[in-house]
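Please view the sequence and the structure first, and then turn to the points below.

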Amino acid sequence: MKCRICRSEKVSEVINLGKQPLANKYPKNKDELTKEKKFNLKIIFCQSCRSGQIKKIINRNILFEDYYYLSSVNKKLKEHFERLAIKIKRYNFVVDVGSNDGILLQPLKKLKVKSIGIDPSINVGKIANDRGLETYIGFFDRKIIKKILKKYDKPDLIVASSVVTHLENPIKFSKDIKNFIRKDGTLIIEIEYLQNFLKNLEFERFYFDRPFYYSANSINKLFKNVGMTLYDIEKIDVHGGSLRCFIKNSLRPKITNRCKKILNDEKQNLNFNSFKKFNKQIYLNSKILKDQLISFNKKGLNIIGYGSPARVSTITNVGKINSNLINYIIDDSPLKQNRYSPGMHIKILPRKNNINKKIDIVLVFAYEYFKDIKKYFSKIKVKFYKPIPFGTLR
Ligand SMILES: [Zn+2]
């Protein structure tokens, strides 16, 4: 097997998360519950470009037709993009690839920066267009580029935030970017950082929607191949610690020291060995979580979950944690409410009417937003826990 980013053969299986459903498909009724499919979730690692990849990629069309993730529902993410918009306002024409419901387009519009989005999800793209944020619905490919270039010039800035992880074919993506971007233009890619997954034991960040898990070195190799160069990296705090990579459409931009430092650090610390310990910890920590929930239940305590991001699927399916252990999960996205969590089928409910005195334990799946979540429970006495690694949240 060859690496799908750099074509090296220095590739090995490093993680096996067993049978998993699609983490962003929330079945809504009996029919969808019985038809739900599961697939083997195995991760391979390339020692040459230092990327993680899903061994067997699921067809993208199944995944994105109807999608349940609205970025703008997420307050912290909204602020993140408002700050990014200010940072990039000097550009003439910005294209946001994977623009979701217009979370970056909205603040850019406010700043009067010419910008458009591209998103594959029909229902989410429509929400953006209805808000007056021009969004081309479809995958980022030659066809859609052609369509855009009929109406607009080439962009001097392309932003792709949390996009490359979802791609089926990163090499094709890099070629398409190269053809689309202006000479000397800039590409900003935001990636959830593989190195941090390992550091924070975030195995739940591996799921089928996202076949690729990047390091700075893998981004560098991917774009070097088409004559573009990674020249700067900013560490940002979204999604458990991400990297914002700046890539120039030229071969010799000045490379910042912080960029060089991250590239070198990975060469020393991110390798096959890093996964050995990680792999053991996955099963150990899943068992700890399950044992805790069982013991809470024996005491007659009422447990609910808060937040149903995709990680709910990975965590509950690895740990075999179902509605016998968690009563229901509250989520603020209307697109997930009154559906079931993938695989383990825990009911997802809105906040309204479902925060009450009967609750004893809240397992906070969306722990990045704990500060906000805590406020919703201010009138009742509950205990909060982070699922993996299991621990109290205060
Ligand atoms: Zn590779």
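The structure is a predicted model. Its chain contains 13 helices and 17 strands. The notes begin with overall dimensions and then move to individual elements.

**Overall form**

- The chain has 394 residues and a radius of gyration of 21 Å, which agrees with the value near 21 Å that a compact globule would have.
- Along the principal axes, the C-alpha trace extends over about 65 × 50 × 40 Å.
- Buried residues make up 45% of the 394 in the chain.
- Among contacts with a separation of 6 or more, 67% are made by residues 24 or more positions apart.

**The four-stranded antiparallel sheet**

- An open sheet is built from four strands in the order S1-S2-S3-S9, with antiparallel pairing.
- Its edge strands are S1 (11–20) and S9, each of which pairs on one side only.
- Strand S2 (residues 39–46) runs antiparallel to S3, and four bridges join the two.
- Within this pairing, Ile 44 has Gln 53 of S3 as its bridge partner, while Cys 46 is partnered by Ser 51.
- S2 and S3 together form a hairpin with four residues between them. In the turn, Arg 50 has a positive phi of about 60°.
- S3 also pairs with strand S9 (residues 212–213), in the antiparallel sense and over two bridges. Here Gly 52 stands opposite Tyr 213 of S9.

**Burial of strand S3**

- In a regular strand, side chains alternate between the two faces of the sheet.
- Strand S3 (residues 51–54) is covered on both faces. Ser 51 and Gln 53 are buried on one side, and Gly 52 and Ile 54 are buried on the other.

**The seven-stranded mixed sheet**

- Seven strands make up an open sheet in the order S6-S5-S4-S7-S8-S11-S10, and the pairing is mixed.
- Strand S6 (135–137) and strand S10 (229–236) lie at the edges; each has a single partner strand, so one side of each has no neighbour in the sheet.
- On average, neighbouring strands of this sheet are turned by 20° against each other, with direction ignored.
- Strand S7 (residues 157–161) pairs with strand S8 (residues 186–192) in the parallel sense, over five bridges. In this pair, Ala 160 stands opposite Ile 189 of S8.

**Packing of helices H9 and H10**

- Two packed helices are described by the angle between their axes and by the distance between those axes.
- Helix H9 (residues 216–224) packs against helix H10 (residues 257–269) at an angle of about 110°, and their axes are 8 Å apart.
- H9 is therefore roughly perpendicular to H10, since angles of 65 to 115 degrees count as such.
- On the H9 side, the contact is made by Ala 216, Asn 217 and Asn 220. On the H10 side, Ile 262, Leu 263, Glu 266 and Lys 267 take part.
- The residues of this contact comprise three nonpolar, two polar and two charged.

Definitions and conventions. Residues numbered from 1 in each chain as written. Predicted model: local features only at pLDDT ≥ 70, side-chain atom pairs only at ≥ 80, totals over all residues. Pairing = 2+ DSSP bridges. Axes fitted to C-alpha atoms, helices over the stretch in contact; angles between N-to-C directions. Parallel < 35°, antiparallel > 145°, perpendicular 65-115°, else oblique. Contact = placed C-beta atoms within 7 Å. Nonpolar A, V, L, I, M, F, W, Y, C, P; charged D, E, K, R; others polar. Rg over C-alpha atoms; globule rule 2.2 N^0.38 Å. Buried ≥ 20, exposed ≤ 12 C-beta atoms within 10 Å, placed from the backbone.
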